[in-house]
Amino acid sequence: SGRDDPHRAAAQMEAHMESRREAARREIRSLGIAESRVDAFFEAMPRRYFISHTARQIARHARVVLSFAPDQLFSTSVRVMAGWLSTLILFSRDRHALYANVAGCLTAVGINILASQVYTMREGMALEIYRLSTPPGSTAERRPVWEKLDHTLKDVLSGRRELGAMVHQQRQPIGRRLTPSRKPPSVGISNEVSDFYTVVDLSANDRMGLLYDLTRTLAAHGLEIFLSKATTVLDQVADTFYVKGPDGKKLTDPQAIEALRRDLLKLSGEDYGDG
């Protein structure tokens with residue numbers, strides 16, 4: 001019957017996730033990682049994670065997560081893929097505005113963010129995955145850029161350097177557009193999509209530093225980002241953020257919601273943020 005269809009779909013999704021988890025487990029086991037550590041990694045990740053990534057991607061993420069040592073600020077891995085794409089995987093203790101700080105560091109060293117996925121894990125940890133435009137040049141020419149990113153992340157996440165001025169230097173001159181705006185920005189804020197989170201959906205014309213500005217604005221409103229997916233197609237950005245307020249609950253105050261919408265729309269409609 002039609003009433004059974006949702007149950008059938010849920011069962012199929014669960015079977016799909018379980019199949020992917022088992023395939024990922026085999027991939028991770030081939031790296032020589034103990035089964036108990038694999039179990040701990042899987043238990044810490046939200047269900048949505050296993051829908052969004054292949055078994056091989058999960059194994060790559062697990063290698064970064066399980067290489068993290070207690071005395072580290074973060075662990076990372078950079079993989080230059082075919083063509084002009086690269087992937088950055090970063091694992092760190094979660095903290096307020098972590099997403100904004102990492103996105104800002106990428107902008108500060110001149111690396112363009114094409115997509116990102118962020119997961120808040122149990123025990124106060126965070127996994128962030130970025131699809132990037134590969135810096136130009138040969139492998140040897142790109143190495144200083146990746147090293148600069150590593151140094152910048154260490155300086156910013158340790159509190160030794162302030163990020164805003166570094167990001168500002170990478171912005172295009174204020175008031176000049178590289179391409180005319182083709183679509184007006186839109187911001188949707190819903191408490192109906194999820195039982196646990198306020199969901200912020202945004203579409204806008206892409207520009208350097210936009211993700212940093214958006215995540216910094218969410219942080220400035222006291223919001224914590226628990227899940228996020230950001231994608232860029234041509235010059236259009238579509239971002240979704242699953243957030244909670246400082247009290248650990250949904251954002252329900254109408255005035256706070258409207259203030260957030262207004263600030264996000266302002267950033268999305270401008271050529272550049274305030275730096």
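**Figure 1. The second largest cavity and the elements around it.** In this predicted model, α5, β3, α8 and β7 each supply at least two residues of the lining of the second largest cavity. Helix α5 gives the most, with three residues. The lining has 15 residues in total, and those nearest the centre of the cavity are Ala97, Leu98, Tyr99, Glu224 and Ile225. Sorted by class, eight of the lining residues are nonpolar, three are polar and four are charged. The space inside comes to about 120 Å³.

**Figure 2. The largest cavity, seen from its lining.** Let us move on to the other cavity, as a search of the whole structure finds two of 30 Å³ or more. The largest has a volume of about 150 Å³. Look for Ile113, Asp206, Leu210, Leu211 and Thr232, which lie nearest its centre among the 19 lining residues. Two or more residues come from each of β3 (113-120), α8 (210-220), β7 (224-233) and β8 (236-244). Strand β3 has the largest share, with four residues. The classes here are 10 nonpolar, six polar and three charged residues.

**Figure 3. Helix α5 packed against helix α6.** Here we return to α5, the helix that gives three residues to the lining in Figure 1. Helix α5 covers residues 98-108 and helix α6 residues 139-157; their axes lie 9 Å apart, at an angle of about 145 degrees. The crossing of α5 past α6 is right-handed. On the α5 side, the residues that meet α6 are Leu98, Asn101, Val102, Cys105 and Leu106. Their partners in α6 are Leu149, Thr152, Leu153, Val156 and Leu157. Eight of the residues in this contact are nonpolar and two are polar, with no charged residue taking part.

**Figure 4. Confidence along the chain.** For the chain as a whole, the average pLDDT is 87, and 91% of the residues score at least 70.

Key
Residues are numbered from 1 along each chain as its sequence is written. This is a predicted model: local features need pLDDT of at least 70, side-chain atom pairs count only at pLDDT 80 or more; totals for chains, interfaces and linings use all residues. Side-chain values use heavy atoms; hydrogens and water are left out. pLDDT is the predictor's confidence in each residue, from 0 to 100. Axes are lines fitted to C-alpha atoms, for helices over the stretch in contact, and angles run from 0 to 180 degrees between N-to-C directions. A crossing is left-handed if the near helix is turned anticlockwise from the far one by less than a right angle, and right-handed if clockwise. Contact means heavy atoms within 4.5 Å. Ala, Val, Leu, Ile, Met, Phe, Trp, Tyr, Cys and Pro count as nonpolar, Asp, Glu, Lys and Arg as charged, and the others, Gly among them, as polar. On a 1 Å grid over the protein atoms alone, a cavity is a set of points where a 1.4 Å probe fits but cannot get out, and a pocket is an open set with protein on both sides within 12 Å along at least five of seven lines; lining residues have an atom within 4 Å of a point. Grid points are joined across faces, edges and corners, and a volume is the space filled by probe spheres set on the points.
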